[in-house]
Amino acid sequence: MTRIELPVDEVVGIRAANPGPFSLTGTNSWVIGRDRAWLVDPGPALPEHLDALTAELEARGGLAGIALTHDHHDHSEAVPAIRERFPSAALAAARGEVDVLLAGGDTFGPLEALATPGHAPDHLAFVVGTAALTGDAVLGEGSVFVFPDPGALAGYLDGLRKLRARDLVALGPGHGPPVLDANAKLDEYIAHRLERERRLVAALGAGLRTTDELLDEVWNNAPAVLRPAAAVTLAAHLDKLEQEGRLPKGVERPEPWGMLRGV
């Protein structure tokens, strides 16, 4: 169990021991406040992680509510186990069977929700004081894959810009180390995504049309294990170009679920 400190009063992260190519060093769960506390992303249902969260919450006077940045398994699996231990805690998220259905601009205890779709259509970030808990919208290192739902990439860029406009001090990501220069990280994320688009447009202009050709040219620095995720993000970029009337004819379109099967 790894404890993560943010330079914000009464906010601490507890990292689960579920490392991997997509979860990096593990999923970060965030505990906010006390008398009672609030929990963002309980993470995987690993016994040691559940015990560490329970100890932290009990030390803070119990649990008032659980908020999900999104409902992917590595962020939400522990919800039932945590609710068994704290049965009065309300559950809030942007979709699913929850007590409080959230959208951008809503508040849940000390948390203000900002819509940050892209990695998942239900994705939210939570602003608390001068920090944001960003789930898989912004990681502590590396970049995230964007799933090609309608408007996903445009929505993702809009969410990043909304976070940037808040002039935050720190970010508590869903994976990786804390980000202590929030503006620089958000600028980096926006620039990275726009640079991918620029390179993709150039590759299409040079006549490349197949998924493999475009990945080799535009995502040439992606490790082999992350190539399926790169293909999913390629699909989201192609959707955006099509919606803007900038996609040439004859481009092969990756099939997202097929690309992620087995990942």
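Trainee: Let's start with strand β5, residues 63-67. Is that strand mostly covered or mostly open, and how many of its residues are buried?

Mentor: Mostly covered: five of the five residues in β5 are buried. Keep in mind that we're looking at a predicted model.

Trainee: Okay. Which way do β4 and β5 run, and how many bridges join them?

Mentor: They run parallel, with four bridges joining β4, residues 37-40, to β5. To find the pairing on screen, go to W38, whose bridge partner in β5 is G65.

Trainee: What holds paired strands together in general?

Mentor: Strands of a sheet pair through backbone hydrogen bonds, and the pairing can be parallel or antiparallel.

Trainee: Is D35 buried or exposed?

Mentor: Exposed. Its relative accessible area is 67%, and the cut-off for exposed is over 50%.

Trainee: Where does E10 sit, and what is its phi?

Mentor: E10 is in the loop between β1 (2-5) and β2 (11-15). Its phi is near 65°, again positive in a residue that isn't glycine.

Trainee: Switching topic: what's the strand order in the open sheet of five?

Mentor: The order is β8-β9-β10-β11-β12, and the pairing is mixed.

Trainee: Which strands stand at the edges, and why does that leave a side without a neighbour?

Mentor: β8 (107-108) and β12 (170-173) are the edge strands. Each has a single partner strand, so one side of each has no neighbour in the sheet.

Trainee: How is β8 joined to β9?

Mentor: By two bridges, with β8 and β9 (residues 111-115) running antiparallel.

Trainee: Now the helices. Where is the place of T210?

Mentor: T210 is in the loop between α5 (182-205) and α6 (211-218). It is partly exposed, with a relative accessible area of 31%.

Trainee: How far is T210 from R253, in sequence and in space?

Mentor: They are 43 residues apart in sequence, and 7.8 Å apart in space from C-alpha to C-alpha.

Trainee: Zooming out, how many helices and strands are there in the chain?

Mentor: Eight helices and 12 strands.

Trainee: Which radius of gyration would a compact globule have with 263 residues, and what does the chain have?

Mentor: The globule would be near 18 Å and the chain has 19 Å, which agrees. The C-alpha atoms fill a box of roughly 60 × 35 × 30 Å along the principal axes.

Trainee: How much of the chain counts as buried?

Mentor: Of the 263 residues, 52% count as buried. The accessible surface comes to about 11100 Å², and 53% of that belongs to carbon and sulfur atoms.

Trainee: Last one: how many positive and negative charges does the chain have?

Mentor: There are 24 positive and 37 negative charges, and their mean positions are 5 Å apart.

Definitions and conventions:
Residues numbered from 1 in each chain as written. Predicted model: local features only at pLDDT ≥ 70, side-chain atom pairs only at ≥ 80, totals over all residues. Heavy atoms only, no water. Rg over C-alpha atoms; globule rule 2.2 N^0.38 Å. Buried < 20%, exposed > 50% of the residue type's maximum accessible area, 1.4 Å probe, protein only. Areas by Shrake-Rupley, 256 points an atom, 1.4 Å probe, with all protein chains shown as cover. Lys, Arg positive; Asp, Glu negative; His and termini not counted. Charge placed at Lys NZ, Arg CZ, Asp CG, Glu CD. Pairing = 2+ DSSP bridges.
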